[in-house]
Amino acid sequence: MNWFLRGLRRGVKTESKPTNTPLWASSLKVEGNFQGCPTNAIEDGWNSGKCIFCRRCYPSLKPTGDHRMASARGNPTFRRSFYLYPLDVGTCGGCNSELKLISSPQYDMTRFGIFFTNSPRNADGIVIMGVLTEGMREVLKETLDAVPSPKVLILLGACAISGGIIGEGVKVEADVIVPGCPPSPNTILDALIKAKGGKGW
């Protein structure tokens, strides 16, 4: 029996709209003062790009359940199809796992015209994950040079955006910033749809 029929039998279906976003993978609402954030994500309000969702700030900050945390400059050039090349420059593996989930039948990124490719030369966008390690600087540069223009640069997760608590963020002019540690598949899909010039998910 193929995966499709097995999924129907078990009640697994493609989500028509986002559901089940984990609370601690959603935006946070400030309801008090908090000192001692390990990444300084709480200074003048809440900085989602620095937040690792360690929960130390609870109950001063509370999750809202809203997965739409990403910022994206839409590019209608990719409205029909959008090919992504994932690049791990030093992750723990969390962002990789969540990114891979958007290709599962539950989320099915292909219905939105989003696909993965095995070569940066065939990609429209690069998904950069992890803290920038010394050994990956040249690889990052070569990969960015290999992607044809126009290209979309996507920073996925707190480590790539700000370095998290363990390193240095990736210093590139990003078109899409997807916060989270790691971001949920709902947040990732919402950002990618916006990057294509859509309204999000």
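Buried here means under 20% relative accessible area, exposed means over 50%, and partly exposed lies in between, as found with a 1.4 Å probe on protein chains only. The model is predicted, so local features need pLDDT of at least 70 and side-chain atom pairs count only at pLDDT 80 or more, while totals for chains, interfaces and linings use all residues. Residues are numbered from 1 along each chain as its sequence is written, and side-chain values use heavy atoms, with hydrogens and water left out.

**View A. Phe53 in the loop between strands S3 and S4.** Phe53 has a relative accessibility of 9% and therefore counts as buried; the loop that holds Phe53 runs between strand S3 (45-46) and strand S4 (61-63), strands being DSSP runs of E of at least two residues and helices runs of H or I of at least four, numbered from the N terminus. Setting aside neighbours within four places in sequence, Phe53 is in contact with Trp24, Ser26, Leu28, Trp46, Met69, Gly180 and Cys181, where contact means heavy atoms within 4.5 Å. Lys29 is 24 residues from Phe53 along the chain, and their C-alpha atoms are separated by 12 Å.

**View B. Cysteines without a disulfide partner.** The structure holds zero disulfides, a disulfide being a pair of cysteine sulfur atoms within 2.5 Å. Cys95 is in no disulfide, and the nearest cysteine sulfur, that of Cys92, is 6.5 Å away; Cys95 counts as buried because its relative accessibility is 11%. For Cys181, one of the contacts of Phe53, the closest cysteine sulfur is that of Cys159 at 5.6 Å, which is too far for a bond. Cys181 is partly exposed, with a relative accessible area of 36%.

View C. Within helix H3 (residues 137-146), Leu140, Thr143, Leu144 and Ala146 are buried.

**View D. The largest cavity and its lining.** On a 1 Å grid over the protein atoms alone, a cavity is a set of points where a 1.4 Å probe fits but cannot get out, and lining residues have an atom within 4 Å of a point. The largest cavity has a volume of about 70 Å³, and its lining has 15 residues, of which Cys37, Ile42, Cys51, Cys54 and Cys57 lie nearest its centre.

Notes: 1 Å grid on protein atoms, 1.4 Å probe; cavity = no way out; pocket = protein on both sides within 12 Å on 5 of 7 lines; lining within 4 Å. Points joined across faces, edges and corners; volume = space filled by probe spheres on them.
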